[in-house]
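Colleague: I would like to learn how to read a few features of this model. Please start with the structure itself.

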Amino acid sequence: MDEATTGDGLRVDRTRGRLADEVYDTLLGQLMSLRIEPGSRVTIDALARELRVSQTPIRDALNRMEADGLVVRVPHAGYRIPPQITRERFEDMVEIRLLLEPAAARHAAERASSEQVSGLRRMLDDMAELVEGDRTVAYGAFGLRDAAFHDLVADSAGNQVVREALARLHTHVHLFRLLYDAEVTFLAMGEHEEVLGAIAARDPDAAAYAMRRHILLSRDRFRRLFDESQEADRSGQGLDGSARPTES
């Protein structure tokens, strides 16, 4: 099968679907690590030149990224990377999640089919495998699967309005773009296990509690990032490592 090496050194086969997957993974890693900066504009032509592939897999990958909330299509101007969320929007998102997701977990414990519980287990198993893989690619993929896990919980609850409301927020994508830190994945994994354990045990109260606890712990992790960013702004110094100031 014919293969080529992209500008990033990736070996990609020339089958359209596989090549689009390779391009998607490359762009996801660049976006999550901020190599592609928030608020910047990207074009199909420029990306095709950079990655040394045709425009077709670039277009396919960007269409997927748009569906995942990772990029925004700009009419006649390509695509734009969404800006980082503000502290105010972050707090609003947490409030909505606390209203909807514990209730969804409660209903999932009451209503989930055995197939849906198995699907949640497979998702967590996939996430565990990602944690052990390439850090740059795995971090972005983990963020998307984190979102998929929460979506599966909402789907198992049987309320499509709640599921659609949560999906429109793209909460997990925005949060994982804030902090490029493998610790987030390890902490989230244990909390997800508690949610799934309660759902599988058909314990509505425990499921609601576990989901609420997970959201609050996640809130505290990311609040520290905002606090550090504000402190750095006051001192006139940038943040080093993985912590980064947000943009309005």
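Modeller: Helices are DSSP runs of H or I of at least four residues, numbered from the N terminus. The model is predicted. Helix α7 spans residues 160-169, and the residue that follows α7 is His170, with a positive phi near 50 degrees.

Colleague: Which residues of helix α7 are buried, and why are they on the same side?

Modeller: An α-helix has 3.6 residues a turn, so residues three or four places apart point the same way. In α7 the buried residues are Val162, Leu166 and Leu169. They lie on the same side of α7 because their arc around the axis is only 50 degrees. Val161 and Arg168 are exposed on the other side of α7. At the start of the helix, a side-chain oxygen of Asn159 comes within 3.1 Å of the backbone nitrogen of Val161.

Colleague: Which residues touch the most other members of the largest nonpolar core?

Modeller: In soluble globular proteins, nonpolar side chains tend to be buried together. Here the largest nonpolar core has 55 residues, and Leu27, Ile58, Leu62, Leu70 and Ile199 touch the most other members. Helix α1 (residues 16-32) supplies the largest share, 7 residues. Beyond four places in sequence, Ile58 touches Val23, Ile44, Leu47, Ala48, Leu51 and Val53.

Colleague: Is Arg97 buried or exposed?

Modeller: Buried means under 20% relative accessible area. Arg97 has 4%, so Arg97 is buried. Arg97 sits in helix α4 (residues 87-111), and its side chain makes a polar contact of 2.5 Å with that of Glu101. Its contacts beyond four places in sequence are Pro102, His150, Thr171, His172, Leu175 and Ile215.

Key: Residues are numbered from 1 along each chain as its sequence is written. This is a predicted model: local features need pLDDT of at least 70, side-chain atom pairs count only at pLDDT 80 or more; totals for chains, interfaces and linings use all residues. Side-chain values use heavy atoms; hydrogens and water are left out. A nonpolar core is a set of buried Ala, Val, Leu, Ile, Met, Phe, Trp, Tyr and Cys residues joined through side-chain atoms within 4.5 Å. Buried means under 20% relative accessible area, exposed over 50%, partly exposed in between (1.4 Å probe, protein chains only). Helices (H or I, at least four residues) and strands (E, at least two) are DSSP runs, numbered from the N terminus. Contact means heavy atoms within 4.5 Å. A polar contact is a pair of N or O atoms within 3.5 Å; within protein, one must be able to donate a hydrogen and the other to accept it, and residues adjacent in sequence count only if both atoms are side-chain atoms. The arc is that of the directions from the helix axis to the C-beta atoms.
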